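Hi,

Here is the structure I promised to pass on.

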Amino acid sequence: MTVESTAARSKPRRSSGKRTTAGGTRKRAQSANARPELVQLLTPEGERIEHPDYSLDPTPDELRGLYRDMVLTRRFDAEATALQRQGELGLWASLLGQEAAQIGSGRALRDDDYVFPTYREHGVAWCRGVDPTNLLGMFRGVNHGGWDPNSNNFHLYTIVIGSQVLHATGYAMGVAKDGADSAVIAYFGDGASSQGDVAEAFTFSAVYNAPVVFFCQNNQWAISEPAERQSRVPIYQRAAGFGFPGVRVDGNDVLAVLAVTRAALERARAGEGPTLVEAFTYRMGAHTTSDDPTRYRKDAEREAWEAKDPLLRLRTHLEKEGLADAGWLAGLDEESDALAVRVREAIRSMPDPDTMAVFDHVYADGHALVDEERARFAEYQASFADEEGR
Ligand SMILES: Cc1ncc(C[n+]2csc(CCOP(=O)(O)OP(=O)(O)O)c2C)c(N)n1
Ligand SMILES: [Mg+2]
């Protein structure tokens, strides 16, 4: 297996010898993203393999724990998708297929590390101890976030593509100034990698040696735009141009993601600066519940990725090694069902917000314009009460 890490590379790699003509540009871009070199510790067939740069020696309990995390996260996600279809949520962004990328990286974190997520990091939220029901409020439209970021060092979901990568970098620069040895991790997608904010974050983090890990989940699609439209080279290789290491990991291999993210976080803590981790994975579902992927991608592509399913490969491994018997698996099924029931009950009993609350927290000390808007809105609302009273 080839180690495709700009960190591990000591001498320039030889060209593959493939030539690119003007007319072959698209072909080259596609092959760059489809290149198979990545860090892997567990094959799609559930076979444990070694890697010269990344080792991991998980206990049976840890292996079962990772599988449990992925199963419960997938179940929560499926339940949320169903709740959107039943009109209980306005929208849902499914993480289906990306469980290993999120659980592997989430479990590599220390409590004092800080996470800046996008809108799809339900598995990372799970690892941080954010209650899954809290993730639903924003998608139901009853709050603007749903949790206190500082309770779990898990920032609010960010929908403005790429902006949280800059926030993470600024936060990491602050961590370094404080002299703390925590690390920061910024999640973003293949599409976000084209944003100016991400390039700026790369520059600042490199120049200031900020303790940040850039964790790009390359799920192959940015809504209907394929990954090859984002970059002429594999995304992880961009790090070299900014002066820090990049590594591509099999994003459907929870063990490899855990090992690679742990190493990147350790580098950050040791004052060695940022790392770009590209988790090569696949978005098995739609971009969100508002999207119809059959309009722009082929069934065969999804089917090819199904064979690399992150849950299946760890389950195969556990069964092969005799680490998960039928009783344990049945217990996990029961736990999943109980989680689903809890989520459904929580959403149905979620109170609608006070409509005036939208004016709260706009300014710390109040503002004349907001006061005026609040008064006008109160008057407008009262007009309905008057009508009802007639
Ligand atoms: C600044 C900005 N531009 C455009 C959008 C609309 N938008 C929402 S999601 C998305 C695609 C993001 O793709 P990617 O970064 O690959 O993340 P993924 O959704 O695949 O996890 C776009 C363009 C947005 N939210 N913010
Ligand atoms: Mg994407």
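Predicted model: local features only at pLDDT ≥ 70, side-chain atom pairs only at ≥ 80, totals over all residues.

Residues are numbered from 1 along each chain as its sequence is written, and chains are lettered from A and ligands numbered from 1 in the order in which they are written.

Domains to begin with. The assignment gives domain 1 (25-348) and domain 2 (355-389); such bounds come from an automatic or database domain assignment. Their C-alpha centres are 40 Å apart.

Now the helices (DSSP runs of H or I, at least four residues, numbered from the N terminus). Helix 2 (residues 60-85) packs on helix 3 at about 130°, with the axes 10 Å apart. Axes here are lines fitted to C-alpha atoms over the stretch in contact, and angles run from 0 to 180 degrees between N-to-C directions. That pair is therefore oblique (under 35 degrees is roughly parallel, over 145 roughly antiparallel, 65 to 115 roughly perpendicular, and the rest oblique). Leu-66, Asp-69, Met-70, Thr-73 and Arg-74 of helix 2 meet Glu-99, Ala-100 and Ile-103 of helix 3, contact meaning C-beta atoms, placed from the backbone, within 7 Å. By class, this contact has 4 nonpolar, 1 polar and 3 charged residues (Ala, Val, Leu, Ile, Met, Phe, Trp, Tyr, Cys and Pro are nonpolar; Asp, Glu, Lys and Arg charged; the others, Gly among them, polar).

Helix 3 (residues 99-106) also packs against helix 10 (residues 254-269), at about 40° and with axes 7 Å apart, so this pair is oblique too. On the helix 3 side are Ala-100, Ala-101, Ile-103, Gly-104 and Ser-105, facing Val-254, Val-257, Leu-258 and Thr-261 of helix 10. The contact of helix 3 with helix 10 has 6 nonpolar, 3 polar and no charged residues.

Helix 2 has another partner in helix 13 (residues 326-348), at an angle of about 35° and with axes 9 Å apart. Among the residues in contact are Phe-76 and Leu-83 of helix 2 and Leu-332 and Ile-347 of helix 13. The classes come to 9 nonpolar, 1 polar and 5 charged.

Which residues come nearest to ligand 1? Of the 14 around ligand 1, they are Ile-161, Gly-189, Gly-191, Ala-192 and Ala-222, where near means a C-beta atom, placed from the backbone, within 6 Å. The shell divides into 7 nonpolar, 4 polar and 3 charged residues.

Cheers

Definitions and conventions: Helix = DSSP H or I, 4+ residues; strand = E, 2+ residues; numbered from the N terminus. Contact = placed C-beta atoms within 7 Å.
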